[in-house]
Amino acid sequence: MALLARDSAVPSALVALTVFRAPAWACLICFTSYKERTRICQIFVGTQGPQLEACQEAFSSAFADLADTEINYDERSHLRDAFTQMTHSLQEIAVAQGSFKVAFLEAAKKMQKVIMELKGAQACVPPCGFQDVARRFVCFGCYSKACNLPLDCPVQDLTVTRGQQAKFSCTVNFQLPKEEITYSWRFAGGGVRTQDQSYFRDIPRAQGYLARIRPVQPTHSGTFSCSVLHDQRPVARLYFFLNVTSAPPRGEIELQVSLQKVLRWKPRETELEPWRPSLSELLARPEALTPGNQFLLAALAAIASASATLLAWIFFRWYFRSN
């Protein structure tokens with residue numbers, strides 16, 4: 001467990017727990033050091049005596065409500081900066097001989113307001129995957145917490161008739177980082193439906209999140225696995241069990257055999273090829289209609305409409321001139 005306080009040695013942490021009787025490791029403890037808090041109270045009431053202990057207790061009590069705070073993990077630096085500004089402000093109030101009880105309560109209210117304005121962490125999206133966008137920082141313990149979901153996603157079943165094509169889409173229903181995303185495909189043959197990695201072998205030529213097999217043959221029966229990687233680290237593993245059904249009618253088989261002879265087709269090992277979806281398939285995807293894509297579609301529609309209007313105007317002008 002990595003603590004964020006600059007003076008986070010174990011002895012200092014134990015002293016802080018003894019002197020400050022707030023719940024263990026509240027936000028105040030996470031983002032300020034024991035030396036900083038003690039120094040502020042020393043400026044308020046002096047370096048020793050019962051008033052110093054009373055000041056320290058008032059300090060911890062004022063921030064007790066922030067003990068169970070959870071924030072977006074990416075916002076922890078902003079909260080640290082806010083606590084740093086708070087300590088400077090309290091030191092200025094102490095030098096001006098203000099009341100530490102009033103100063104601590106006002107500071108805690110301001111910090112609560114700052115926390116409310118921070119960007120919240122996204123909710124975990126089941127059933128699987130390491131979702132970095134949902135990662136959060138927990139003040140009660142000063143640690144980060146990710147979604148408690150498995151890396152392996154449930155197996156998706158796909159039934160395809162022999163001779164047809166099988167399409168695979170390696171997509172997840174949570175937000176991925178925008179950069180350094182790659183995909184790795186593997187195959188477990190022999191009609192095995194499994195998630196055991198020992199059954200799989202790599203398909204080196206398969207790249208990207210879309211892939212397909214055509215024409216599908218009985219040897220393609222089995223489980224295909226796609227790993228989503230961010231900076232070469234797995235984010236999620238998807239599985240597709242391909243069940244190849246009986247062949248098409250005899251006449252169709254004979255036609256395929258004839259075409260294969262003409263094209264000198266030879267059976268190949270299991271190989272995924274890139275799948276380039278049509279416009280309608282892309283628009284059917286839930287993440288397709290982003291604001292940027294909607295703007296592009298509107299621009300294309302406007303250009304098409306203007307082009308049609310211009311062509312119509314040229315045609316009518318030519319028609320009336322010729323008559």
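This is a predicted model: local features need pLDDT of at least 70, side-chain atom pairs count only at pLDDT 80 or more; totals for chains, interfaces and linings use all residues.
Side chains of opposite charge can pair when their charged atoms come close. In this structure, a search of the whole model finds 6 salt bridges.

Glutamate 70 meets arginine 136 in a salt bridge, with a distance of 3.7 Å from N to O. The two residues belong to distant parts of the chain: glutamate 70 is in strand 1 (residues 70-72), arginine 136 is in strand 2 (residues 136-138), and 66 residues separate them. Glutamate 70 also forms a salt bridge with lysine 145, and here the closest N and O atoms are 3.2 Å apart. This pair again links distant parts of the chain, since lysine 145 lies in strand 3 (residues 143-145) and glutamate 70 in strand 1, 75 residues apart. Taken together, Glu70, Arg136 and Lys145 are linked in a network of salt bridges.

Arginine 193 lies in the loop between strand 6 (181-188) and strand 7 (201-202), while aspartate 157 is in strand 4 (residues 152-161), so the pair ties together parts that are 36 residues apart in sequence. Arginine 193 has a relative accessibility of 47% and is therefore partly exposed. Aspartate 157, at 52%, counts as exposed, because the limit for that class is over 50%.

The next topic is helix packing. Helix 3 (residues 34-45) packs with helix 5 (residues 76-95) at an angle of about 15°, and their axes are 8 Å apart. The angle makes helix 3 roughly parallel to helix 5, because angles under 35 degrees count as roughly parallel. The crossing of helix 3 past helix 5 is left-handed.

Which residues make the contact? From helix 3 they are Ile40, Ile43 and Phe44, and from helix 5 they are Thr87, Leu90, Gln91, Ile93, Ala94 and Val95. Sorted by class, the contact of helix 3 with helix 5 has 7 nonpolar residues, 2 polar residues and no charged ones.

How values were computed:
Residues are numbered from 1 along each chain as its sequence is written. Side-chain values use heavy atoms; hydrogens and water are left out. A salt bridge is a side-chain nitrogen of Lys or Arg within 4 Å of a carboxyl oxygen of Asp or Glu. Helices (H or I, at least four residues) and strands (E, at least two) are DSSP runs, numbered from the N terminus. Buried means under 20% relative accessible area, exposed over 50%, partly exposed in between (1.4 Å probe, protein chains only). Axes are lines fitted to C-alpha atoms, for helices over the stretch in contact, and angles run from 0 to 180 degrees between N-to-C directions. Angles under 35 degrees count as roughly parallel, over 145 as roughly antiparallel, 65 to 115 as roughly perpendicular and the rest as oblique. A crossing is left-handed if the near helix is turned anticlockwise from the far one by less than a right angle, and right-handed if clockwise. Contact means heavy atoms within 4.5 Å. Ala, Val, Leu, Ile, Met, Phe, Trp, Tyr, Cys and Pro count as nonpolar, Asp, Glu, Lys and Arg as charged, and the others, Gly among them, as polar.
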